[in-house]
Amino acid sequence: MLRNKEIQFFLLALVAIMLLATIATFFLLSGLAATMVFLTSVLLIGCSLFFTKWRYREIEKLSGYLRKISSGDYSLDVRDNYEGELSILKSDIYKVTLMLSEHHSLLQQDKVKLTNAISDISHQLKTPLTSMMVMADLLGDTKLEEAKREEFTNNIRVQLERIEWLVSSLLKLSKIDAGTVPFKRNPILLSDLLEQAIQPVLVPMDIKQQTLNVNGDKEVSFIGDFNWTTEAIINILKNCVEQTQEGGEISISFTENALFTELILSDNGKGIPKEDLPYIFKRFYRGKNAGEDSVGIGLAMAHSIIKSQHGDIEVKSEIGKGTTFIIKFYKQVI
């Protein structure tokens, strides 16, 4: 403490004042009064040094606390619940420590998610890439029959389309998760959106001879992004078509009230096992009844798109009776 130039200057100033006051008292009053002034000044200087040393010790503790924080130890509690500037500083440091601890936990979670995502992506890409490598080697055989050559070429094209879709979907999901997608806030007629969303599933529905029922007032609307919401609905409809047997039925209904616009998509397919329901919107999750070509991205993307527009989505299902997706777009953010 005494090596500090500020303390040295402060101590010299106090000693100088003490000496001047003692000398002045001696000449103006008496030797006894000068002695009292001297002793009083010594006591005041001693108390000042004691208090300064105590503050230095507290600051040194805070410095050690901060060093531990910088090394990643967020478990310490420096608060003392007293009054004063140092106590306020300790409380503020503790608040910052809690924030750093939360950020550290989030970073660790993000690392785990990133590791899992990379693992999942690698797994999803490994199968088609291995298949294409085998077929590419076979195509190099000059004695390969033309029919087989055409079959392998077509299979490679299908696998490449699958990889392209997977990478494109992952990029979209990453943008949504990062909050870099500028979702528009436009009034949208739900009937127009459904007309657009139904088009990609009409052919597979026709192949499986499934029936589509749509019920709702053409004036029902909501505020959102037309293109992104269409993509979300397409992914849900694809899941309904995939999970519904031949000759099955898919129903869409929509209504509007003062609080929200509600869209219900349901099928009478196989249904989702109860143990799978909490996880169907998780990325890369494949339930027991998932199709062979499913990679578990479609419903995860639909969930992210709807949630990012301040909407809500829930699912109800019963084995053997079908699945119902309930989507709500709120008039105001709640």
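Predicted model: local features only at pLDDT ≥ 70, side-chain atom pairs only at ≥ 80, totals over all residues.
The chain has 334 residues, and buried residues make up 32% of them. Its secondary structure comes to 7 helices and 7 strands. Read from the N terminus, the order of elements is α-α-α-α-β-α-β-β-α-β-β-α-β-β. Contacts were also sorted by separation in sequence. Among those between residues at least 6 apart, 69% join residues at least 24 apart. The accessible surface of the chain is about 21500 Å². Carbon and sulfur atoms account for 59% of that surface.

An open sheet is formed by 5 strands. Their order is β2-β4-β5-β7-β6, and the pairing is mixed. Strands β2 (211–216) and β6 lie at the edges, where each pairs on one side only. From one strand to the next, the twist averages 10°. Within the sheet, β4 and β5 are paired in the antiparallel sense, over 7 bridges. Phe-254 stands opposite Leu-263, a residue of β5.

Helices pack against these strands. Helix α5 lies across β2, β4 and β5. It runs at about 175° to β4. Helix α6 also packs on the sheet, where it touches β4, β5, β6 and β7. The direction of α6 makes about 170° with that of β7.

In soluble globular proteins, nonpolar side chains tend to be buried together. Here, the largest nonpolar core has 44 residues. Those with the most contacts inside this core are Ile-233, Ile-236, Leu-237, Leu-263, Phe-325 and Ile-327.

Phe-325 illustrates the packing. Leaving aside residues up to four places away in sequence, Phe-325 touches Ile-236, Asn-239, Cys-240, Leu-263, Ile-264, Leu-265, Ile-280, Phe-281, Leu-299, Ile-313, Glu-314 and Val-315.

Side chains of opposite charge can pair when their charged atoms come close. A search of the whole structure finds 5 salt bridges. One of them joins the side chains of Glu-231 and Lys-172, at 2.9 Å from N to O. This pair links distant parts of the chain, with Glu-231 in helix α6 and Lys-172 in helix α4, 59 residues apart. Glu-231 has 23% relative accessibility and so counts as partly exposed. Lys-172, at 26%, also counts as partly exposed.

A salt bridge also joins the side chains of Glu-256 and Lys-331, with an N to O distance of 2.3 Å. Glu-256 belongs to strand β4, and Lys-331 to the segment after β7, so the pair ties together parts 75 residues apart in sequence. Glu-256 is partly exposed, with a relative accessible area of 36%. Lys-331 is partly exposed as well, at 35% relative accessibility.

Lys-307 and Asp-312 likewise meet in a salt bridge through their side chains, at 3.0 Å from N to O. Lys-307 has a relative accessible area of 39% and is partly exposed. Asp-312, with 25% relative accessibility, counts as partly exposed too.

Notes
Residues numbered from 1 in each chain as written. Heavy atoms only, no water. Core = buried A, V, L, I, M, F, W, Y, C linked by side-chain atoms within 4.5 Å. Buried < 20%, exposed > 50% of the residue type's maximum accessible area, 1.4 Å probe, protein only. Contact = heavy atoms within 4.5 Å. Pairing = 2+ DSSP bridges. Helix = DSSP H or I, 4+ residues; strand = E, 2+ residues; numbered from the N terminus. Axes fitted to C-alpha atoms, helices over the stretch in contact; angles between N-to-C directions. Areas by Shrake-Rupley, 256 points an atom, 1.4 Å probe, with all protein chains shown as cover. Salt bridge = Lys/Arg side-chain N within 4 Å of Asp/Glu carboxyl O.
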